[in-house]
Structures are given as structure tokens and as C-alpha cells.
Amino acid sequence: MNRLRQNGHTSSKLNGYHKSDVPYRKEWDSCLPLPSLFFTPAAGVVFVFAVACFMNSYQGDFVFDDSEAILSNNDLKPETPLSDLFVHDFWGSKLDSKTSHKSYRPLTVLTFRWNYFLSGGPYPMSFHIVNIILHGLVSVLMLAVFSLVLAGYHNDREGRPLFGAPKASLACAILFAIHPIHTESVAGIVGRADLLCALLFILSFLCYVRSCCQDTVSRTHATLHRPETFSLAWFCLSVVFCGLSVLCKEQGITVIGICSAYDIIVICQVDVLRLLRLKKSTENQNQEASPSVTKQNTSGDWFKSLCVRHLFLAITGAAILVTRWRVMGSAPPVFQVFDNPHSFVNGTLLRTLNYNYLYALNCWILVNPWWLCFDWSMGSVPTIDSLSDPRVLAVIVLWVVLAFCLYSACVGPIGQQQRQLTMALALLIVPFLPASNLFFRVGFVIAERVLYLSTAGFCILVVMGICKLQQKFTSMNTRYCLFFLVAVFMIRSIQRSNEWKTEMALFTAGAKTCPLNAKVHYNIGKLNSDLGNIEKAISKYRLAISLNPEYDQAMNNLGNLLKDQGKNEEAEQLLRKAVEIRPDFAAAWMNLGIVQAALKKPREAEQSYHEALRHRRKYPDCYYNLGNLYLDMGQHQMALNAWRNATLLKPKHLNAWSNMVILLDNIEKLEQAEMVGKEAVKLFPNDPTPYFNLANVMGKADRYKESEQYFLKAIQLSGNSPVAKMYANLGVLYHRWDKPAEAERAYMKALELDPSSHNVQQNLQMLRRKYSKNAKS
């Protein structure tokens, strides 16, 4: 649409159209206090607005879901084969895994991988900058979409697309660009899925419109006609963009519905309601569908072409759905009650009522974007369990407003304004359908990001409403209304972007909006735990559990903190309850085993570890802790086997390697200890610990020179913070090696680092006594 041009004629006829044929250009555009710009400067204005509102997020951190999608996702790392992106979900898990959410978005992950590569690692700034630019591009493309919806597709005499309804289109695009609901999609890096999906969604739509109107390029636009043919090349390009959009996010498939609606309502101008009623003859339908349809276009060829296009659209949609179903293992994702409690409400009537209440809330946050939260699960929106619940009024209001809009769009002679209203409703509703719970259960209650595309329909409704007010109340100055709305949206977007810059700011804002959300308090607790604010973390975990008594993850984390504080009895109770709530919670089983081992319940601890391994076979940390348990029980070979399993599953498990070397050293299996130690050194060439362990083994085997080399290497790798124990053991080596001067220097260095070391003091005294006697004799 870069070649779109403004239809700026002001004569009594607009290139063959009467004034009444283009009401939005002549009447509604004049209601708006905006300049009438060509497409290119208008696009520049929209891009500036889009970037200005969210540019402060470029300094943000990785927050909330970004950690799992970026920092913990091995698919972003260069060593991971590119093919893995197409068999893993958005979070890097295998699609056939029981825990996978089946979110298949390989193209989005691929862009993350490019960011990772170009930035030299997971540095958030470049990720944020790309998101901001993508939002600006989407907003510019939306300007073209709004022009097509509000003024239809027209060409100038040279066959170039016209930029119709320039003022109304610009107003819609600015509102879309600055709407605060977009903050999650722009400031949250995982929101790139929505941005890429929207970008390709719009390109698919624009190509489809071009394919339908291709045969008008060689004509003048003096007459409006229904297309009897379409361009297969542009249609195929539209299908390709649709498929790519789906590979960025599942919502992309809804562009098929928008293309269908635009084709029927705007391009062919079919009065669907009258067609279904079959009350008029074919001749009357052709005459009444649009006063601007010419006699040359009253044949049935346009209808055949319309049917063919919709057949191809249906085939495209079916092919995408079947492929998507097969990719996700022919099974839907499994969600828990706390993810989306409204979909688990008993009874079809109450469940439908809950769904409609959620629809009302989605509409409300579009109207009132001050009420935003990063997560709406776990008590944020209590379920409606009775018809007497006063929140049923919100559902009634929703359907009254929707019924009024549908009535206005469908009843009476269908003119251009009715078609514009119908398309606005289509843009509002159709992209939201995958998140509506109508076709399958989704894993959230409300997600602001899924409203990214639906905001386009909302913006059209707002601008249409402003124009209607100006027409009805001519003394009203809508300039202040529009400017106030833009100012409020911009202020809120900038403020909300600041909240998304750090997790603490984001979670704290969420607690204010949704104080009953257990997950919000859980995240605040987890963040404080990572920052070392243990008491604050414990308080938040307890609050989360009080709000949701079956919050197993909060119980697991709280149990870990209490275990570290030595409160093992309470920790055991919490962890037992967590595994009762979720029997396959492997991490909770492992932590329960650790607590039971600390409480001297070795058999129960062993059972807990085995239960964890039953639910997660590849669990290196669990094997490591099981090895520690066997060590305490004196079962050395079983301990070695467990640690070996840990290193096989996770070759970089340093503690497991260290424990194997130390145990083999202690039980005098020095040859095995040497072999294991050298394996560890190869895996950790820049870590001092394996060298230190191997040095001890070599010293015990009386291989002093090799031991000295390993000790010195360990000290060298320690840098500016060497461990006193390294110098202490090096002193013991020199002591045994009969190098008193070197031994004394090593002991003195160890005491310099740790003056309270009693063993080093004793060894130094023994050294001095021994060599003082030798000196006297």
C-alpha cells in the first residue's frame, strides 16, 4: 500500500462518484479535526506516535515470561540445530511433552535466535528495539487497512490504489498505535509473537484484497463493480502470508475470516440478511445490493467467482488446521483449573455465563485501559457461580450494546456506513475467536496481548462514534474529545511501558490491579527470594497460599525457604501437601526427599526421590541428591551410580563430578578417582574445583609434582579470590614433600585468607617445630 494516494477531489462528483456514494470522504472526514494527508506523510505520523509511546521500554529487562522464552530456551543458542525450532514449542519444550502448551511459533523463535546471535547473547535491548519497530510497522500497515474498510478499494486513472477517508483512517491508525492495551505485546519480548502475527496477517489481507480487485486496475474507477475474476498470484501470496502468520502465532488463521467478510460485505456488497431470507428475486437483489453496481455486472459470474474464492479460503483454513493438529501430536494442551477456572465451571449455562463475563471484561479493558495486569489467573476474576451474581449485569450490557451494533449494521437499506460498521465488528470479534474458549480451552483468563488485532475494530467504532456525535450535535467540538483521548492513551502507554521495564515494578503494579491474584504475589515472593529478601518472600508465598490453598508451586518454594532456615517439619508438611495436590510434581517430590533426609528419615527420602524420578526420568538434580542420601547411608557404590547418572544426564553437573572424585579418594580408589578427575578437568577447563580435587588425589598417591601443578592451576583459575583451603592443602603437599620453605609460605597465605583456620595453625606449628629441631641437631 506504499503507493496509496489520497482521493482529494472536491468537485460535485468524485471521479464519477456522487457525493452520496462516498459519505465518509465528504461528510465524516470533515467532522475530524485532522489534516488531510497523503498516505506517506500519514504513515510517518502514525509510525512516530507508535514508537513514541513505547520507546521507553527499550531499556527494559527480561520480565515475566521472557525468562522462560529467552533465557531458558536452548533453541536460541547457536549450537542448537535449526531443525529443533520446528519440533519444539514456543518455550523450547518438545511438542509431544505432557507439559507442553502446544504453542507452535517457530518463526517467532527464529527471530529471537537472530537477536541472540546479532547481540552476542541474551541482551534485552536489541530484543526490545525490534519489538518497538515492529509495532510501528504494524501501525503503518493498519493505516492501509482502515482506508480499505472505511472507503473501499479504488484506483486512480493510472491504476494506483487511492488513500480513501484520509482523516478517519489517520484517526483510527493513531488510536491503534497508542492504545495502552498493546503494552504487553510491545514491552514484553514474548509479545513479538503477536506483532509478527499481526504484520503477516495484514499483509495477507492486503494481498487478498488486491487479488479480488486486480481486474479493476486497467479500468477507471468511474463505476463500481463486483469482480468476476481474481488474481491467482495475489491470492497465493495471501495464502503464504496467512501460513507464515500462523507460524508466528495461532491467531493468524483468523485472517481467513476477515478476508471472507471483506469480500462479501465490501467488495461484492452482498446483503447477507436479505439473501438468507430469500424474499426478493435475483434481479431485485442485484439492483438493491448497491446503488453503484452497474448493469454490466448483474450476471452470475461475480457470484461464481466469490464462491471459488471462498472454496479456496476454506481449503486453506482446513489445510492449516489439519497441519497444526498433526504438529501438536493430535492432542490439545492440558491446562489446570487455576490457569482458566471459568472453563471448569460445572453446568453449560453457568460456564457460558462466565465466558460472556470474560468477553465483557475484555471489552472493558479496551475502553478503560487503566485497569491492566500482566496476569489475570488465580482469583483475579472470581467465577460466577449463581445467576443472582450482580456481575451478570455486565453480560447483559455487553449483549445490549452488541445487539444495537448488529441491528444498526443489518436492518434497513445496507449502505456504506452499515458495511463499515459490520467490518469494524468483524475486526473486533474474529481475531479474538481463538481466545474465546468456544472451540477449545485456553490457558488464561484474560490476556491483553490477544486483543492486539481486535483493537483495530475498536478504533473504527470509536472514530465512527465521534463522527456520529459531531453530525448529531453540530455545536459540539469533537476536536477536544479526540485530543483528550489521544493524550490519555499516550500518557497511559508511557506509564505502562515503564511498569514493564522491571519485574518488581510490573509485579507491584499487578498486585494493585489484582490484589486477589495469588500468582502475582507468588511472583513477588519469587523475585524477593532471588534478591535475598527471604522474609519478604516467605510473607508473599504465605499470602499466595492463603488466596489459593491449592497453589502447589508456592508450597514448594515456601518449603525450600523454610528448609534453608532449618524449619524442616513445616517444610515437610507443605511439600507433602504439594505432592498430594499434584502427584506428578517431580520437583516437590525431590525437595521432600531433601527435607526427609535432613530429618533423618532415609527410607522415606529414598522413596520420595524415586517418586520424583518416576515422574521425570531425566532429572539430574534428583540423582545428585539421591547420591548424597546414599553417601549418608554408607552405600558408596549406589552413591557413585547415582552421581554418574546425574553426569550422564547433565555433563556439566560440577557437584556430582566433585562428589565422585572425593568419595573415590576417601575410599582409597585412587586410580578411579584419577580417571573421574581427569574427565571433570576436560569438561571444566576454566573451573578451579576439578583441578583442586585432582590435586588432592595426586598428592595422596605421592605424585607430588603432578599434584603441585594441579594446585597451582586451581589457584590461578581462582583469580583474585582464591580459597584458603587450596593454599592449606598445597602447604600439606609441600610439608610431605619435604619442602619447608614452600610449605610455610603456603600456610601463611592460607592464614592470611582465613586467620581462624585451626588446622592450618597446627600444621604450621608442627612444621616449625620439626625444622627447628633439625636445625639444632
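Visitor: How much accessible surface does the protein chain have, and what share belongs to carbon and sulfur atoms?
Guide: Areas here come from the Shrake-Rupley method with a 1.4 Å probe, and for residues only the protein chains shown count as cover. The accessible surface of the protein chain comes to about 35300 Å². The share of carbon and sulfur atoms is 60%.

Visitor: What kind of model is this, and what limits apply?
Guide: Residues are numbered from 1 along each chain as its sequence is written, and side-chain values use heavy atoms, without hydrogens and water. The model is predicted: local features need pLDDT of at least 70, side-chain atom pairs count only at pLDDT 80 or more, and totals for chains, interfaces and linings use all residues.

Visitor: How many helices and strands are there in the protein chain?
Guide: Both are DSSP runs numbered from the N terminus: helices are H or I with at least four residues, strands are E with at least two. By that count, the protein chain has 34 helices and four strands.

Visitor: What percentage of the 777 residues is buried?
Guide: Buried means under 20% relative accessible area, exposed means over 50%, and partly exposed is in between (1.4 Å probe, protein chains only). Among the 777 residues of the protein chain, the buried part is 53%.

Visitor: Is E572 buried or exposed?
Guide: E572 sits in helix α23, residues 568–581. Leaving out residues up to four places away in sequence, E572 touches L592, V595, Q596, L599, K601 and E604; contact means heavy atoms within 4.5 Å. Its relative accessibility is 8%, so E572 counts as buried.

Visitor: What distance separates the C-alpha atoms of A165 and D29?
Guide: A165 is in the loop between β4 (162–163) and α6 (166–178). A165 has a relative accessible area of 1%, so it is buried. A165 and D29 are 136 residues apart along the chain, yet their C-alpha atoms are separated by 6.3 Å.

Visitor: What is the phi of F64?
Guide: F64 lies in the loop between α2 (39–54) and α3 (66–71). F64 counts as buried because its relative accessibility is 14%. F64 is not a glycine, but its phi is positive, at about 55°.

Visitor: And what is the phi of N437?
Guide: N437 is in the loop between α16 and α17 (454–472). With 9% relative accessibility, N437 counts as buried. N437 is not a glycine either, and its positive phi is about 70°.

Visitor: How are α21 and α22 oriented to each other?
Guide: Axes are lines fitted to C-alpha atoms, for helices over the stretch in contact, and angles run from 0 to 180 degrees between N-to-C directions. The axes of α21 (residues 534–547) and α22 (residues 552–564) come within 9 Å and cross at roughly 150°. Angles under 35 degrees count as roughly parallel, over 145 as roughly antiparallel, 65 to 115 as roughly perpendicular, and the rest as oblique. Therefore α21 and α22 are roughly antiparallel.

Visitor: How are α15 and α16 oriented to each other?
Guide: The axes of α15 (residues 392–410) and α16 (residues 416–429) come within 8 Å. They cross at roughly 140°. Therefore α15 and α16 are oblique.

Visitor: Which residues of α16 make the contact with α15?
Guide: From α15, the contact uses L402, C405, L406, S408 and A409. From α16, the residues are Q418, L421, T422, L425 and I429.
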